[in-house]
Amino acid sequence: MAKKFLIREHHPYDPTAEYPFNFLSKLESLNSNPKLSKNREISSQWANSDTEENYIKTTEMGVVHTYKADDFYYDLNKHGFRCDNFDTMKSGLKSVIYLGCSHTFGIGLPEEDVWAYKVHKKIEEKDDTTYNYINLSDYGNGIDTYMHHMPYFKKFKPSYVISLTPDITRMIMPLENGYLSKMGRWVLDDDTIMKDFPNNRLKTAYSNLLLAGDNFFEYKKQVIYNNINSLGEILNYKFIEMSALLEDVWDNQKDVQDRYKKLMEHSEHENARDNSHYNRTYHTVLAEKIMHKLKENK
Amino acid sequence: MNHYTPGPGPLDGSKKFRLKHTVKNLPKKTWTIIKSPWTWYQDRKEMKTRLAELKKRDPFIYK
């Protein structure tokens, strides 16, 4: 009997499916925020890679944290995204859709320090209007998830779609039981991941793809981006993308580079709460760079 | 990586053709089997290098 893959109905990447099946598994301490907004459904103090255990451990190691443990919460809407509930948003307004991985989700950072939020404020200031803030990112996301979101772009009436592109080698693969799995190099690094599938053929397939180099992934990226661009011509939005990887972020322009360096000098002592993701000053740099791209694109 | 690539399948070509192919490729097949631990080691080494490169490029982990 053919297996039914979870593509549309209660699919984890369907932004209109309420309570996708992996929604609760990614949060550690549910409903811990006493000041949860009415437009959000659920909150958590800690998340998957930003755990309390990790925070205590790094503090004991002598790391000076920028944020205290209860400085911010992850407030999610009922679709599992870190933005307001889609049904409470103003229907007359256009929106800006943000796509990306954990950097866009804002692991280890309060929402207002994430690049997407900063860019949103700047775009609103530039266009002198209000846009709905739609952040469709999640951690571990690759560009495959963009394809899953594309059928729903029309509902959000976007003016801009902005992506902070994760590493291209991340991808989604359907497991033997029909569930979709986020594959990244960490799957091959750590034997404890996917331990339910010890001799997983998908793992072998994925490792062979990695060994074949970047060409396959680059090709996939170009196909997906061409699709998003073409949809943009129909729905009349602009698509802007930038790599999330450290080495790709620096510009060749000297004046811009100098400004970034000055910003970064002040940020050496700063860290995200999980002590691994980019800090808030780096997010300012990312936001400025994206705004630069957006203005260039005009 | 010098993995042995199979030739004609059981239904490809005539019986004579298949036999000729099998005999012709017997030394190559044997050598591939003898060499397989070395090939396995080389593959593993290549994978480690690639994973290290990817880890440097994308250091974030999600379980």
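Predicted model: local features only at pLDDT ≥ 70, side-chain atom pairs only at ≥ 80, totals over all residues.
Lys56(B) is part of helix H1 of chain B. Between the C-alpha atoms of Lys56(B) and Lys20(B) there is a separation of 50 Å, and the two residues are 36 residues apart along the chain.

Helix H1 of chain B, which spans residues 15–57, also meets a helix of chain A. Two packed helices are described by the angle between their axes and the distance between the axes. For H7(A) and H1(B), the axes come within 10 Å and cross at roughly 75°. The two helices are therefore roughly perpendicular to each other, since angles of 65 to 115 degrees fall in that class. On the H7(A) side, the contact is made by Ser207(A), Leu210(A) and Leu211(A), and on the H1(B) side by Glu46(B), Met47(B) and Arg50(B). By class, three of the residues in this contact are nonpolar, one is polar and two are charged.

Taken over the two chains, 20 residues of chain A are in contact with twelve residues of chain B. At least two residues of the side of chain A that touches chain B come from each of helix H6 (186–189) and helix H7 (201–211). That side of chain A consists of seven nonpolar, nine polar and four charged residues.

Within chain A, strand E3 covers residues 95–100. Six of its six residues are buried, so E3(A) is largely enclosed by the rest of the structure. Ser95(A), Ile97(A) and Leu99(A) point one way from the strand, while Val96(A), Tyr98(A) and Gly100(A) point the other way. E3(A) is paired with two strands, E4(A) and E5(A). Strand E4 (residues 132–135) runs parallel to E3(A) and is joined to it by four bridges; here Ile97(A) has Ile134(A) as its bridge partner. Strand E5 (residues 158–165) also pairs with E3(A) in the parallel sense, over six bridges, and Val96(A) is bridged to Tyr160(A) in E5(A).

Helix H11 of chain A, residues 280–296, contains 17 residues. From its first C-alpha to its last H11(A) reaches 24 Å, close to the 24 Å expected at 1.5 Å a residue. Buried residues of H11(A) include Arg280(A), Tyr282(A) and His283(A), together with Val285(A), Leu286(A), Ala287(A) and Ile290(A).

Key:
Residues numbered from 1 in each chain as written. Chains lettered and ligands numbered in written order. Expected span 1.5 Å × (residues − 1). Buried ≥ 20, exposed ≤ 12 C-beta atoms within 10 Å, placed from the backbone. Pairing = 2+ DSSP bridges. Contact = placed C-beta atoms within 7 Å. Nonpolar A, V, L, I, M, F, W, Y, C, P; charged D, E, K, R; others polar. Axes fitted to C-alpha atoms, helices over the stretch in contact; angles between N-to-C directions. Parallel < 35°, antiparallel > 145°, perpendicular 65-115°, else oblique.
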